[in-house]
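We will go from stop to stop, selecting as we go.

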Amino acid sequence: MLVDSRDAVWRALPRRNTRKVSHLLADDLRRQILSGQLAADQQLPPEPELTAALQVSRETLREALRILESQQLLKIKRGRGGGAVVRRPGLDAVARYVALLLQLRKTTLAHLEEVRSVVEPPAAELLATNTGFDDIETLVELHDAERAATDPLSFVTAMSAFDQAVIELSGNQTLAVIAGVFRDIHAGQVYSSIGSNDSVAAEQFARRVIVSHSAFLDAARRHDGSLAQNTWSDYLFTTNRMLVSRNISRQPIDVAPLWRARAQDSRGSAPRRASVVATEIRARIAEGRLGEGDRLPPLPELASEFDVSRPTLREALRILEMEFLLDLRTGDRSGAAIRTPSTRVAAQLAGIVLEARSTTLADFYRALRLIEPSIMGLVASRIGAKQLNALNAVNTELAECCDDTGRFVATYREAEMVAFSAVKNPALTVISEILHWVRVAIEPGVTADVTGIPGVTRTNRRAQRLFAQFVDAAAEHDPARATAVWAQALEANAPWAEESEFSRRLVLDLMG
């Protein structure tokens, strides 16, 4: 039991006499949660025991726990018998946050389909190549659930479960997280389309999905990676065309209908009122009815509007605060203030999930090699004069700093972000920023190990030459050449990323 073993666990925490003790304590606890030292669903000891074991004040402890709660790593149960319970962060909170961000950025279904066409076919090929009997059985069960679905909500839920399982079973954690972040967003648009009164169109779409998934299962059983990739690409293309025919592909996404449907879907039990209220407020932010800095009505008015008790309302507001969508201040009688989502927070939340899944550096770089070349091909086909000038400028700076690995790596990251900004797809931009956040976080650990190693300067110069070739391809709007050059640049690091001892290190360890 945790209380009995605190000498082994809690004494390992450094005692630092700084002004930010709560932040340092949160970092130490976060590492123990993500490394598995503190297990999911484990309840931490009561406050008095924790403050004594950690030698901190109650206020310091509570602030540290609030930080971890905001990162989805703890759930704080209030009231009698409550306390802090360890959570293993999942994709739900990240997906909701990114969905909200993308709706506010006027993302369309066409943008989401382009994301899927980049991320999912390579994962489908990986699954078919490496799949085992248990994986096939899992997919068959999910496929049976699709066939058994009797209404649009249950069908969309089953379809999404099958699609996500394909990516999860591919064996690449980074791809699974990226695809999972966008899964619910896409499902919401499908639900908006087939959840209408047009039952004929809904049945046609469902049949197409079931046929496509069945064809993919056949390819996976044969371990035919190429056929599986082509089958999955065809599935994405044909289902997208069916949605295009319903004139929604170029319209901004609307995530609210699926959110509301799921919040009210009791499935045999009463919907949790706090969750329903939080969903409604979240939906109003997505719809633009609540914006940055807007204040909600005071508690009595809000409780009356939603017909809930004040404790239930406070729980709902707390949910939104932990999702970084509300600014709650103790004693503020003018109502909680709305915070609109940012890519920085979205990237950090996704990064925490990558850490929690024990993602390795090799896994991360494999994902880059699978998806980045295609993104850079799109960049080359769409880049404008202003962004091309920026690429030329940063390429000049790269050429000047090849002998300084730290500066070179930082400049190269800047060059990547300039290139990604030209893709003109808000969803792909968010993916690039998530990948960028992970890279920036692991960079100190990477550069510390490689600086001074013979041959690094030569490697830097080769990377700069390849980047210059990419800039030339982009200037000529040649997507095929840009794709090939970027793949070559990533391939140059493949031996180090795949075969060295360094490659087996966890993202969590590199992030410090």
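**Stop 1: the end of a helix**

Select Arg-221, which is found in helix H10 (residues 199-221). Helices here are DSSP runs of H or I with at least four residues, strands are E runs of at least two, and both are numbered from the N terminus. This is a predicted model: local features need pLDDT of at least 70, side-chain atom pairs count only at pLDDT 80 or more, and totals for chains, interfaces and linings use all residues. Residues are numbered from 1 along each chain as its sequence is written, and side-chain values use heavy atoms, with hydrogens and water left out.

Arg-221 is partly exposed, at 43% relative accessible area. Contact means heavy atoms within 4.5 Å. Arg-221 and Ile-136 are 85 residues apart in sequence, yet 7.2 Å apart in space, C-alpha to C-alpha.

**Stop 2: the whole chain**

Zoom out. The chain has 24 helices and 4 strands. Of its 512 residues, 51% count as buried. Among contacts with a separation of 6 or more, 77% join residues 24 or more positions apart.

**Stop 3: the cores**

Select Phe-182, Phe-216, Phe-467 and Phe-470. These touch the most other members of the largest nonpolar core, which has 132 residues. H9 gives the largest share of this core, 12 residues. A nonpolar core is a set of buried Ala, Val, Leu, Ile, Met, Phe, Trp, Tyr and Cys residues joined through side-chain atoms within 4.5 Å.

Stay on Phe-467. Not counting residues up to four places away in sequence, Phe-467 touches Leu-391, Val-394, Asn-395, Leu-398, Tyr-412, Ala-415 and Trp-486. Another core lies apart, with 20 residues, including Leu-50, Val-56, Leu-65 and Leu-68.

**Stop 4: the largest cavity**

Select Leu-112, Val-115, Arg-116, Val-119, Glu-120, Ile-178, Ala-179, Phe-182, Arg-183 and His-186, the lining of the largest cavity. Helix H6 (109-130) and helix H9 (173-194) are the elements that give two or more residues to this lining. By class, the lining has 6 nonpolar, 1 polar and 3 charged residues. The largest cavity holds about 80 Å³ of space. In total, the structure has 4 cavities of 30 Å³ or more. On a 1 Å grid over the protein atoms alone, a cavity is a set of points where a 1.4 Å probe fits but cannot get out; lining residues have an atom within 4 Å of a point.

**Stop 5: two cysteines**

Select Cys-401 and Cys-402. A disulfide needs two cysteine sulfur atoms within 2.5 Å. Cys-401 is buried, with 2% relative accessible area. Cys-402 is buried too, at 2%. The whole structure has 0 disulfides.

**Stop 6: two loop residues**

Most residues other than glycine have a negative phi. Select Gln-55, whose phi is positive, near 60 degrees. Gln-55 is found in the loop between helix H3 (47-54) and helix H4 (58-70). It is exposed, at 63% relative accessible area.

Finish at His-477, with a positive phi of about 50 degrees. His-477 is found in the loop between helix H21 (456-475) and helix H22 (479-492). It is partly exposed, at 42%.

Note on methods. On a 1 Å grid over the protein atoms alone, a cavity is a set of points where a 1.4 Å probe fits but cannot get out, and a pocket is an open set with protein on both sides within 12 Å along at least five of seven lines; lining residues have an atom within 4 Å of a point. Grid points are joined across faces, edges and corners, and a volume is the space filled by probe spheres set on the points. Ala, Val, Leu, Ile, Met, Phe, Trp, Tyr, Cys and Pro count as nonpolar, Asp, Glu, Lys and Arg as charged, and the others, Gly among them, as polar. Buried means under 20% relative accessible area, exposed over 50%, partly exposed in between (1.4 Å probe, protein chains only).
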